[in-house]
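Here is a short report on a single protein chain.

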Amino acid sequence: MTIQSIPSFKLLDGTTIPWIAWGNGTGLTNKDAAEYGHLALESGIRHIDTAQLYKTEKQTGEAISRSSLKREDVYVTSKLSCRGNGEEPVPVEDVPKAVQESIDRLGFVPDLFLIHNPFVAKPGELKAMWKALEDLKDQGKLKSIGVSNFRPQDLEEILDGAKYKPVINQLEYHPYLLAHLQPVLDLQAKHGILTASYGTLSPLLRHRTGGPLKPVLERIAERISKATGRKFDANDVLLLWTRAQGVVVVTASGNPERIKRLAEIATLPDLLTQEEIDEITQVGKTRHFRHYREHMEKDFPVPNLPSE
């Protein structure tokens, strides 16, 4: 299997990104990122998502070098993160050194490098931090550059006078966040910025009941299973819905069978009808539920919707 067999999205800078990534930022994936990363690659995944905060960049490089793949067959995303316990901002003057440390740990320049959240920069320095990444891109020390957990005001700040627009904003993204994220998504659509999602399966894995979305996803999974003769579950449907939105999926798993299943999902054709896609979207907009609340709900009011 090659990277071309997995559907990709085109980015603003003309490069392409595989639509599904295995992330190594949480749980078992974080504890043995080299082993599980190797399994993900051998199973067919062609995109690994890491970050300075995860302390898994070195293991990401190891997973690729141990695999049967060439470096250019694997798309790698990493991120400039806060220091210490994840709360200490990075001074702008330290950005080139911090980026080089990521490159040294990985053993190569990542395909995509993000600012992990707007609070990685000191107050008032976000625009200057983005300029530092632009300079590194101009110098050939970075390839594609983007952001993560950016609210509308953060995007507007760096877009003002930017030489390069961020190619991606990586967010917690799923149907129960559509109402809250609409201003972000509108701004990104205006500028051609793609969304990458983490926490994609939160409505099923983290919501107390699954809410009104769960039975819809289960019904669609049953329909696809009967139509194809293959077993599909609600998680699979939610991943396929996300791809149908033109959104990159980053999902972490330390379960070998689940990792193999993600690789199978990665290469599937479109299986959802437009009516099913629209139903998931509309039901999602009736609730607000977020698992990772530390960034996106600060100075960005949430909608007045039930969470349960």
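## The cavity

By the rule used here, there is one cavity of 30 Å³ or more. On a 1 Å grid over the protein atoms alone, a cavity is a set of points where a 1.4 Å probe fits but cannot get out. Grid points are joined across faces, edges and corners, and a volume is the space filled by probe spheres set on the points. The largest cavity has a volume of about 30 Å³. Strand 4 (47–49), strand 8 (168–172) and strand 10 (248–251) each give two or more residues to its lining. Strands (E, at least two residues) and helices (H or I, at least four) are DSSP runs, numbered from the N terminus.

Among the lining residues of the largest cavity are His-47, Asp-49, Ile-168, Gln-170, Val-248 and Val-250. A lining residue has an atom within 4 Å of a point. By class, this lining holds six nonpolar, three polar and one charged residue. Ala, Val, Leu, Ile, Met, Phe, Trp, Tyr, Cys and Pro count as nonpolar, Asp, Glu, Lys and Arg as charged, and the others, Gly among them, as polar.

## Basis of the model

This is a predicted model: local features need pLDDT of at least 70, side-chain atom pairs count only at pLDDT 80 or more, and totals for chains, interfaces and linings use all residues. Residues are numbered from 1 along each chain as its sequence is written, and side-chain values use heavy atoms, with hydrogens and water left out.

## The largest pocket

A pocket is an open set of points with protein on both sides within 12 Å along at least five of seven lines. The largest pocket holds about 920 Å³ of space. Its lining has 41 residues. Gly-25, Thr-26, Tyr-54, Tyr-198 and Tyr-292 lie nearest its centre.

Helix 1 (27–31), strand 10 and helix 11 (256–266) each supply at least two lining residues. Helix 1 gives the most, with three. The lining of the largest pocket divides into 13 nonpolar, 21 polar and seven charged residues.

UniProt lists Tyr-54 for "active site" in an unreviewed entry. Tyr-54 sits in the loop between strand 4 and helix 3 (57–66). Tyr-54 counts as buried because its relative accessibility is 17%. Buried means under 20% relative accessible area, exposed over 50%, and partly exposed in between (1.4 Å probe, protein chains only).

Lys-55 is in the loop between strand 4 and helix 3. Lys-55 is exposed, at 63% relative accessibility. Its phi is positive, about 60°, although Lys-55 is not a glycine. Thr-56 is also in this loop, but is buried at 0%. The C-alpha atoms of Thr-56 and Asn-24 are separated by 6.9 Å, with the two residues 32 apart along the chain.

## His-180

His-180 belongs to helix 7 (residues 178–191). His-180 is buried, with a relative accessible area of 2%. A polar contact of 2.8 Å joins the side chains of His-180 and Arg-290. Not counting residues up to four places away in sequence, His-180 touches several residues, including His-288, Met-296, Glu-297 and Phe-300. Contact means heavy atoms within 4.5 Å.

Notes: UniProt positions renumbered as here; feature names shortened; annotations may be inferred. Polar contact = N/O pair within 3.5 Å; in protein donor to acceptor, adjacent residues only side chain to side chain.
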